[in-house]
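Good morning. I have a few slides on one structure, and I will go through them in order.

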Number of protein chains: 2
Amino acid sequence: VAARGAPGGGADAAASADGDGLRPVVAIVGAGFGGLRAARALAQAPVRVVLIDRHNHHLFQPLLYQVATAGLAPADIAQPVRSILAGQRNLDFHMAEVQAVDLGRRTLKLPAGDLAYDYLIVAAGGQTNDFGLAGVLRHGFGLKDLQDALRLRNHLLYQFELAAQTDDRRECAALLTFTVVGGGPTGVECAGAISELVRLVLVRDYPWLDQADVCIWLLEAADRLLPAFAPPLQRAAWQMLGRRHVHVRFNAAVDAFDGATVTLRGGETFPSRTLIWAAGIRAADLLNRLGAEQARLGRVVVTPTLQLPGRPEVFVIGDAAYLEQDGQPVPMVAPAAIQQGRLAGENLQRLLRREALKPFVYRDPGLLATIGRNDAVAQFGRRTFRGFLAWVLWLSVHLVQLIGFRNRLVVLINWAWDYFFYDRASRLITSR
Amino acid sequence: VAARGAPGGGADAAASADGDGLRPVVAIVGAGFGGLRAARALAQAPVRVVLIDRHNHHLFQPLLYQVATAGLAPADIAQPVRSILAGQRNLDFHMAEVQAVDLGRRTLKLPAGDLAYDYLIVAAGGQTNDFGLAGVLRHGFGLKDLQDALRLRNHLLYQFELAAQTDDRRECAALLTFTVVGGGPTGVECAGAISELVRLVLVRDYPWLDQADVCIWLLEAADRLLPAFAPPLQRAAWQMLGRRHVHVRFNAAVDAFDGATVTLRGGETFPSRTLIWAAGIRAADLLNRLGAEQARLGRVVVTPTLQLPGRPEVFVIGDAAYLEQDGQPVPMVAPAAIQQGRLAGENLQRLLRREALKPFVYRDPGLLATIGRNDAVAQFGRRTFRGFLAWVLWLSVHLVQLIGFRNRLVVLINWAWDYFFYDRASRLITSR
């Protein structure tokens with residue numbers, strides 16, 4: 001594989017002509033929050049950057065559940081990597097899945113051949129963690145990429161179409177029982193969004209639909225929601241979900257799911273055709289093949305400067321990296337990945353200039369979770385907000401963070417429309 | 001299956017309560033242009049309407065090629081049937097595929113059971129016609145529903161990603177050769193849209209991309225494009241495509257496609273990874289199972305009042321119906337389906353009132369085809385337009401015809417953005 005993608009080698013010649021051939025190659029694996037920020041931090045550096053991702057787009061994951069619940073379209077929260085980094089002359093993008101990393105030979109194995117690097121930034125992110133539970137991801141739904149979200153959207157909407165065609169009350173009850181597993185932000189936001197989709201939008205599509213026909217479970221293995229938030233906000237979120245007829249059940253751990261029945265630890269079962277697994281993520285599989293020391297959830301242990309111990313040319317960042325701060329692991333959240341991506345790019349340049357590297361210090365920008373219309377919880381340092389004000393904060397922060405003015409504009413229009421007209425734009429079943 | 005979809009039969013009771021149980025059931029198969037219009041025409045009639053479609057949405061097919069070429073998102077041109085007809089109290093929608101029609105017993109066979117009807121309107125539309133050619137639809141792409149369009153979009157964009165990773169000039173040439181088959185409006189608009197996607201948008205994503213690397217063929221078996229248009233407009237469209245570097249080849253019929261090589265009748269072959277089949281449609285498969293007399297392209301012969309001969313309770317409309325006017329078959333186009341849908345709904349009510357039925361008279365509203373930015377051809381009676389004016393006409397007519405104000409607004413914003421910023425919103429590869 002040419003470090004600079006070029007059909008028939010045409011651009012290789014061009015690359016040599018402007019001296020690129022002499023510059024060290026920095027391979028970045030993953031175009032999520034961390035990888036993208038690392039690539040940008042290297043924009044002015046005397047290196048050739050090769051950014052690699054399985055997808056051709058950067059995904060704004062915090063709003064993925066809104067695609068799954070028909071509130072936003074995929075293009076609203078995904079932006080092609082090439083268009084985000086179009087102005088960066090020292091960068092080339094490869095859409096490919098990295099099959100293996102040979103740290104000794106400093107090469108990445110890609111489907112089209114090997115890619116040699118001088119420096120490597122692993123920002124491969126996380127993937128849904130099913131803890132080895134039977135059937136949970138085969139019959140249920142994760143929520144990590146656009147395909148997950150579209151599968152879930154098609155499935156959710158199709159359950160109502162099936163319910164409209166059955167005369168069997170028990171069948172109907174199973175079709176209209178939606179089980180969300182995991183009381184973190186993803187589970188809470190997803191359960192709230194399903195409730196609003198049903199109660200505010202679908203009731204008009206299905207006039208026979210009674211609220212009592214629909215049952216939304218939020219199962220949490222521990223005894224509280226949103227563990228990272230302050231206890232008063234945890235209780236507020238629980239009440240907000242209750243007002244939306246989401247049945248929150250604590251100390252409930254799922255043991256198995258076969259597409260028709262949920263089995264809880266302890267043996268209790270109930271019928272449900274839908275199980276959304278928001279109970280956790282772990283580092284991407286690629287990290288298991290690195291041959292490096294791994295901590296909890298498969299995360300690779302890094303030095304405070306974000307390097308692999310004994311491999312100064314390799315940085316690992318984001319969900320893939322394990323680093324403790326004040327005795328706690330740095331959380332697997334977007335702000336941490338963004339801050340580490342920026343530092344990895346800067347530290348790599350210090351390495352090139354033979355300067356001392358800086359250690360990573362995580363700055364918590366605060367926490368936000370929305371439960372639905374006019375209702376959210378927010379926490380910045382010791383200040384907490386709930387209800388309408390927190391909801392406006394949530395809206396603003398997410399709009400500002402979205403990449404691309406066009407996306408912001410379209411999302412704003414979609415949200416405003418839905419808010420005033422109780423509508424959802426994307427109620428399409430595009431495949432079964 | 002209950003005629004009115006109701007979980008546990010709850011709404012059946014309601015239906016009886018307001019006297020619905022006594023009203024005749026009108027089943028409409030297909031929620032395309034014809035079926036939707038027929039359903040609306042029956043809004044005030046003393047009947048229960050059951051509208052059935054495989055998809056949960058009505059699709060604005062004339063803009064489907066823009067989804068395939070990353071210009072519009074699926075939700076922009078598709079609207080859930082339930083939301084279109086939300087206000088119509090005498091209507092129920094079933095998302096299901098009709099497996100068979102028993103004309104004698106007056107029942108439709110659906111996956112969930114049989115549905116009895118008193119009157120039937122078959123508006124099942126058309127499907128891609130591959131004329132039995134080997135591999136053409138297995139390896140190539142039709143363009144009839146959203147799944148087709150998304151598959152094609154993912155494929156088109158992925159070819160450029162693959163080309164970026166190869167050093168093999170011949171491989172690259174095959175990846176970047178796009179073959180469109182069929183010189184009707186779909187083929188012409190699709191070839192023009194691919195050319196603009198490449199020349200105006202993707203050149204910025206792939207700076208190494210040379211116009212000479214990309215080859216777009218438009219193959220037409222006859223000796224002219226747009227056969228329904230006046231000859232001067234046919235020549236104008238040909239010139240507009242030429243200016244966009246689309247190679248139009250006349251008298252070229254495709255014989256086979258295996259995913260890598262296109263074989264023409266006569267034996268000539270050339271490498272191409274992409275074949276878009278816009279060479280024709282035929283009536284949907286369901287029509288073959290009706291047991292009625294069929295004319296060319298599987299269309300079912302109907303009386304001038306749009307009924308099945310000998311079956312006054314069955315209407316067939318749109319692409320599925322064959323009727324001659326002035327010695328010519330009514331064309332398989334949206335305006336004909338819309339006009340027939342309206343008349344079928346009205347004639348059915350005349351039947352209920354024992355009045356005389358009206359014969360169908362097709363009124364040609366004119367023809368429009370766009371080739372790209374500022375370039376289109378239009379024909380209204382003897383008046384013809386080309387270039388910018390025709391393009392503005394094309395834009396306006398399509399915006400007005402789109403269902404739903406929200407869709408119109410979003411499409412307008414998308415088009416304006418693309419026009420001024422040479423961008424395409426939906427350059428996402430959502431699956432491979």
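This is a predicted model: local features need pLDDT of at least 70, side-chain atom pairs count only at pLDDT 80 or more; totals for chains, interfaces and linings use all residues.

Let us begin with the two chains. In general, two copies of a chain are related by a rotation about an axis and a shift along it.

Next, the cavities. How many cavities of 30 Å³ or more are there? The count comes to seven. I will describe two of them.

The largest cavity has a volume of about 160 Å³. Its lining consists of 16 residues. Those nearest the centre are A:Pro74, A:Leu150 and A:Arg153, together with B:Pro74 and B:Leu150. Which elements give two or more residues to this lining? In chain A they are helix H4, residues 74-77, and helix H7, residues 146-163. In chain B they are again helix H4 (74-77) and helix H7 (146-163). By type, the lining of the largest cavity has 10 nonpolar residues, four polar ones and two charged ones.

The second largest cavity has a volume of about 90 Å³. Residues from chain A line this cavity, including A:Asn56, A:Pro80 and A:Phe93. So do residues from chain B, among them B:Leu157, B:Asp205, B:Tyr206 and B:Arg427. At least two lining residues each come from helix H5 (81-84) of chain A, and from H7 and helix H9 (185-205) of chain B. The lining of the second largest cavity divides into seven nonpolar, one polar and four charged residues.

Now the sheets. As background, strands of a sheet pair through backbone hydrogen bonds, either parallel or antiparallel.

One open sheet in chain B has three strands in the order E14-E15-E16, with antiparallel pairing. Which strands are at the edges? They are strand E14 (254-257) and strand E16 (269-271) of chain B, and each pairs on one side only. From one strand to the next, the twist averages 20°. Three bridges pair E14(B) with strand E15 of chain B, residues 261-264. One of the pairs to look for is B:Ala256, whose bridge partner in E15(B) is B:Thr263.

Another open sheet of three strands in chain B has the order E25-E26-E27, and its pairing is antiparallel. Its edge strands are strand E25 (367-372) and strand E27 (383-386) of chain B. Neighbouring strands in this sheet are turned by 5° against each other on average, direction ignored. Helix H10 of chain B, residues 231-243, packs on this sheet and touches E25, E26 and E27 of chain B. The direction of helix H10 makes about 170° with that of E26(B).

Strand by strand, E25(B) is joined to strand E26 (residues 375-380) of chain B by five bridges. There, B:Thr370 has B:Ala376 as its bridge partner in E26(B). E26(B) and E27(B) are joined by four bridges and run antiparallel. In that pair, B:Phe380 stands opposite B:Arg383.

How many residues lie between its strands? There are two, and in this hairpin B:Gly381 takes a positive phi near 60°.

That is the end of my slides.

Methods:
Residues are numbered from 1 along each chain as its sequence is written. Chains are lettered from A and ligands numbered from 1 in the order in which they are written. Side-chain values use heavy atoms; hydrogens and water are left out. Two strands pair if DSSP finds at least two bridges between them. Axes are lines fitted to C-alpha atoms, for helices over the stretch in contact, and angles run from 0 to 180 degrees between N-to-C directions. On a 1 Å grid over the protein atoms alone, a cavity is a set of points where a 1.4 Å probe fits but cannot get out, and a pocket is an open set with protein on both sides within 12 Å along at least five of seven lines; lining residues have an atom within 4 Å of a point. Grid points are joined across faces, edges and corners, and a volume is the space filled by probe spheres set on the points. Ala, Val, Leu, Ile, Met, Phe, Trp, Tyr, Cys and Pro count as nonpolar, Asp, Glu, Lys and Arg as charged, and the others, Gly among them, as polar. Contact means heavy atoms within 4.5 Å.
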